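Have a look at the structure first, then read on.

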Amino acid sequence: MSEGPRFTLDGREIPLVPGQTVIEAADAAGIYIPRLCHKPGLEPFGSCRVCTVKANGRSVAACTYPASPGMIVESDTEEVNAHRKLLLEMLFVEGNHFCMSCEKSGNCELQALGYRFAIAAPQLEFQFPVRDVDASHPDILIDHNRCILCSRCVRASRDLDKKEVFGFVGRGPHKRIAVSSGTRLRDTDADVTDQALDVCPVGALLRKRVGFAVPVGQRLYDKVPIGGAPVVPEAPVAEEGRA
Amino acid sequence: MQASGGKKIVIEPVTRVEGHGKVTILMDEAGHVARARFHVVEFRGFERFIQGRPYWEMPVAVQRLCGICPVSHHLCAAKAVDRIVGGENLTPTAEKMRRLMHYGQTYQSHALHFFHLASPDLLFGFGSDVASRHVLGVAAMHPELARQGILMRKYGQEIIKATAGKKVHGTGAIPGGINKNLSLAERDELLADLDQNRAWSLAAVKIARDYTLAHIDTLAGFGSFPSNHVCLVRKDGAMDLYDGGLRAVDAEGRVIFDHVAPEAYLDHIAEEVRPWSYMKFPFLKALGPENGWYRVGPLSRVSACDFIDTPLAEAERKVFKEVSGGKPSPVTMAYHWARMIELLHSIEKIDELLHDPDLQGEELVVKGTRRSEGIAIVEAPRGTLFHHYRVNDDDQVVMANLIVSTTSNNEPMNRAVESVAREYLDGQTITEGLLNHIEVAIRAYDPCLSCATHALGQMPLAVELVDASGAVIDRRTRG
């Protein structure tokens, strides 16, 4: 075992490189911490809070909190997972997530986390917000019904594509993704080759006419739950019965 | 107008059919049947809420109308969007995979209906004890039949899974093709159970044929009547459940129109709205709403096609036609026999396709010139199914029209209900067994009321006796 600074994650000694966040150190050690807004290669944002862990007893976002030598981090615990499950349920009910007809089904990180946390049906009341679809661009579609405001597309467009096609408008429950120029995507310089289109964790930002080209059984999460072994052992794995 | 002192009997919900409906029977003071109607009382409105969605979602989204034969909606929507992407000339692999999917679902749906829904009436009698007149009763008295029904349905569903990805609500058919071929391992697994299923299908046809012929005198008067018939046929007039042109024949078998392209359906078929049902009433324009109503489904297909291109089913079709004197059969209960002929046809087509190397082909999708409109027709297990979409330049659906088979059979079911009510209930003390006669006539059509109103649900049954003032005198419920 190599020498150097370490911290404890769920009882395991984890090496860290100075400057790493908790989630980066955990990823490097092959330990999965659930996340939605975090995406390696994009600047940490800390908005979804699904990666919340307890660091020395305090709840923090693992994607933004720096790992430090000797710290004690709890992630895969009943208490923390209960919080995550509640956060996921809130994301499900505050949008219009109809997995059964969504082309991202099987490749969707929100859906995959739903399965991982065995969310059979949310306990919270569905909000059924009225949201629109921006299909104005010839090759790209935004379905606001499915957006979870993770900002991955905002960061990717700004930092990787150097375009700033996407941004947020509104506050609180009225917050939503908007495009930088005018009101429609077709008025922006968004392009079908933009890396921003590769980072959406849900079915909100899509390349048009891809649809259901990947058959059931070959989708990302058809065989293995997101993050590997599920938190809940009896969580469904097979494709049967899945949307 | 209800006669003073008369009463209204309501059968709600009707059982052992897909969806939620009721029957009302108006009886006059003397206990004679004044009028009987079959109402579908559920509503969901798929045609409206898919507006604004991208067209490539249609095959996956619209099939959620139904859990029994969603493949019909999946394929019909796919065929319609094929036209939108200019991909209607499918590769052999894509077309044959879709056909295999379709025959698999016809097989499982027909097996489900015959063994699980209809057989209690046929085996035990229409008015037999309600306590055992259901699939569990069949399992107790005829365990081998019940087992066959389950395994036949399973076989069809395994075919659907191999072609669509899942047994229910798969994603196989995509605009211009299919998203997978059939692996050799999948093929071999299906081939292993083929012979057994063919044998069971032959036995099932025999049960239906023997039943029909043994009771033909009774059945000829049981909710039966001459009618027009509509179905798809292949260019050479053969039965074709997946594709073809539209044919309409009258009660004598004379052609009203033939080989009508799906795109021209509105030139020949219109829909009438009546205030007491969420289902519309389609009719042939050439004959008008009064006389233009028609039947669809197995009875119509077996009656109106020139031949069936598989030998076992064709031999059976010839017997069927001989019994009806070469004309379309007017016998409503002959739907069951016709349905089993199609079950046999389906397993023969499955056999043919599983031995076709095109199913292992790699060319899955074609595209062509984009269009703003797509219209398609398939023969669903229950009958002719129309899907019609218009899309805008941004690829969003702006109009959808779905005419499902149960909608086409709306008027015939109403006539069957009224006919049976007059024949069996007139002047009688109403019993549960008598009321089941009404349901037996409805069940012959294998209606899917969920599809008909584009809704989801299940269909149990209740009965109300209501006097002229509207007061409920008596009520029975089951389900």
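This is a predicted model: local features need pLDDT of at least 70, side-chain atom pairs count only at pLDDT 80 or more; totals for chains, interfaces and linings use all residues.

1. Start with chain A, which has four helices and 10 strands. If you walk along its sequence, the elements come in the pattern β-β-α-β-β-β-α-α-β-β-α-β-β-β. With a radius of gyration of 19 Å, close to the 18 Å that the globule rule gives for 243 residues, chain A is as compact as a globular protein of that length. Its C-alpha atoms fill a box of roughly 55 × 40 × 35 Å along the principal axes.

2. Take the contacts in chain A with a separation of 6 or more: 66% of them link residues 24 or more positions apart.

3. One piece to look for is an open sheet of three strands in chain A, ordered β6-β7-β10 with antiparallel pairing. Both β6 (133-134) and β10 (205-207) of chain A sit at the edges with a single partner strand each, so one side of each has no neighbour in the sheet.

4. Zooming in on that sheet, strand β7 (residues 140-143) of chain A runs antiparallel to β10(A), and three bridges join the two. As an example, I142(A) has L205(A) in β10(A) as its bridge partner.

5. Finally, the two chains meet: 20 residues of chain B are in contact with 18 residues of chain A. What is the chain B side made of? The residues there that touch chain A divide into six nonpolar, eight polar and six charged.

Notes
Residues are numbered from 1 along each chain as its sequence is written. Chains are lettered from A and ligands numbered from 1 in the order in which they are written. Two residues are in contact if their C-beta atoms, placed from the backbone, lie within 7 Å. Ala, Val, Leu, Ile, Met, Phe, Trp, Tyr, Cys and Pro count as nonpolar, Asp, Glu, Lys and Arg as charged, and the others, Gly among them, as polar. The radius of gyration is taken over C-alpha atoms; the globule rule is 2.2 Å times the number of residues to the power 0.38. Two strands pair if DSSP finds at least two bridges between them.
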